[in-house]
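Hi,

Here is the structure I promised to pass on. Have a look at it first, and then read my notes below.

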Amino acid sequence: FIERLAMRGDNSQIMRPVIEGAVKAMANHPNNEAVQVAAMAALWRLTDNNEDIIGVFVKLGGVTVIKDSIKMNVSKDTVLHNAFGLLCNCSSNLGTIPAHTLRYLIGPVVGTLSSSSNSQQTVALRELAIQLLAIWSSYKMDVKMQIVECNEPSALDAITNILHDQQPSATILANVLYILANLCVNNNVKFQIATLSMNQVVEIMNQHESNVFVQEEGLGLLCNLVSGCPNDVLTDSGAIPRIITTMLNYPDHLGINEKGVGGLWNISYKDDRNRANINYSRGFLAVTGSMLHHTGSTHIIEKGCITLWSLSTDASGENVPGLHNAIRAIIIGMLTHFCQAPVQSEALGALITMGADPRLRNDIMDMVTNRIIVLSMNAHYADATIQEKACHALSNIAVDTSTNQISMMDPDELIAVVTAMKTHTFIEPLQRKAILLLKNYSFGLSNMEIMCTNDDLEECLICASNNFPASCLERAQYILDGIYYTREQNKS
């Protein structure tokens, strides 16, 4: 009767007495399997995609009744099947089931994963259990910890064992990978998951390359495991080339690329050897491709810039795929996210490293990067970190170290540097980098002519010399001597 009502879609107020009757029937006959199965089947149907009905059911104590029913019928798959299905509906609203109630539900749900039976009913029950754990693992930290700490049986063992099963579908595998990614709550758990399943995760992704859900969830798990994973496990498992291959295979997929770029940054930062591995596995190509395909994603552009910064410190050899295209990706990212200080800061950091590489300096100059850097300085004049990095980047590209050729200074560039020095008088790293930049430019006679026209430069150099004599005095005096000499020459 209730199932027929569910098909009619009556509103929650009309249905309240009906729901209350079903809940009471379950509470009054906890040992009657037929009543439990029928009542929960009806309520499962009734609560499907109906938040109002779910709310009424929960307020009437329905979740507690389910918990008691599971406790009394833990060995009866038909009861558990309908109970899990009903719980899936009730768990759809984040936080509908309180943590103290979930404590008693997690064990029985995990227990069903350990069954060795492959009957149709058992397989369906396991699928519902995995669906429940996928929902619960996305809850707050206290619920995640309850799942991790479930030891009768061990939740992590039971979940990771599914990855070693030959039977699960791609959908089940994607859900399991999602659960494990959510449960990476600390380095100890990450270490446990990595040692149990890192190799298997890579193998599953290799087997399901065409399944975007498996790829996204698998990549998310691999990236989450990085900080707690021993470096030899990370290397031996093939996780690095697997992450990069997935990014290259799905360049338009936002989720995959957001996770992938962030993961590669963590991997490159963790160990020097990883950077060489990433570069060898076409990491530059994957990161620059991701940035160029997703120019509107602040996350990808920011993490992409800092990853390129890290990777460029180990971009040895002439044949690093994507190395030269990285400059274009960084510049487009800077222009697209002009007002985002974190993006500008990380982009400038990457340009500092790349500008010191003779292979890349000409690429940087060809894209009028110095003008874009000046625009960034003007937009973020109050940010001392951006000003310091900008001066450092400009300093690296001011001189072609392979030919000792000095670039021509733009008057606007000088104004931006002087403004930075005046605005951040007592920031020693900025003053030092600014003076180093000016000294590099001072080797060009035309640049000295431009410096002579700026009325504030002399005062800034003297001020920096007085405030930071150890790091600024010698270079500042060299520049001042050049300005005085040039002025005298102009007079004569």
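Helices (H or I, at least four residues) and strands (E, at least two) are DSSP runs, numbered from the N terminus. Keep in mind that this is a predicted model, where local features need pLDDT of at least 70, side-chain atom pairs count only at pLDDT 80 or more, and totals for chains, interfaces and linings use all residues. Residues are numbered from 1 along each chain as its sequence is written, and side-chain values use heavy atoms, with hydrogens and water left out.

Let's start with H25 and H26. On the H25 side (residues 411-423), Glu413, Leu414, Val417, Ala420 and Met421 touch Leu430, Gln431, Ala434, Ile435, Leu437, Leu438 and Tyr441 of H26. By class, that contact has 10 nonpolar, one polar and one charged residues. (Ala, Val, Leu, Ile, Met, Phe, Trp, Tyr, Cys and Pro count as nonpolar, Asp, Glu, Lys and Arg as charged, and the others, Gly among them, as polar.) The two helices, H26 being residues 428-442, pack at about 155 degrees with axes 10 Å apart. Axes here are lines fitted to C-alpha atoms, for helices over the stretch in contact, and angles run from 0 to 180 degrees between N-to-C directions.

Is Asn440 buried or exposed? Asn440 counts as buried, because its relative accessibility is 15%; the cut-offs are under 20% relative accessible area for buried, over 50% for exposed, and partly exposed in between (1.4 Å probe, protein chains only). Its side chain makes a polar contact with the side chain of Ser395 at 2.8 Å. (A polar contact is a pair of N or O atoms within 3.5 Å; within protein, one must be able to donate a hydrogen and the other to accept it, and residues adjacent in sequence count only if both atoms are side-chain atoms.) Leaving out residues up to four places away in sequence, Asn440 touches Ser395, Ala398, Val399 and Ile406.

A second pair is H23 (residues 369-379) and H24 (residues 384-398), whose axes come within 10 Å and cross at roughly 165 degrees. H23 and H24 are therefore roughly antiparallel too, and H23 passes H24 in a left-handed crossing. Asn370, Ile373, Ser376 and Met377 of H23 meet Ile386, Gln387, Ala390, Cys391, Ala393, Leu394 and Ile397 of H24. That gives eight nonpolar, three polar and no charged residues.

Now two loop residues. Most residues other than glycine have a negative phi. Asn49, though not a glycine, has a positive phi of about 55 degrees; Asn49 sits in the loop between H3 (33-47) and H4 (51-59) and is exposed at 76% relative accessibility. Asn404 has a positive phi of about 65 degrees, lies in the loop between strands S1 (399-400) and S2 (405-406), and is exposed at 60%.

Lastly, H18 (residues 283-293) has several buried residues, among them Phe284, Val287 and Met291. What covers the buried residues of H18 includes H15 (239-249), H16 (254-270) and H17 (272-280).

Cheers

Technical notes. Contact = heavy atoms within 4.5 Å. Parallel < 35°, antiparallel > 145°, perpendicular 65-115°, else oblique. Left-handed = near helix turned anticlockwise from the far one by under 90°.
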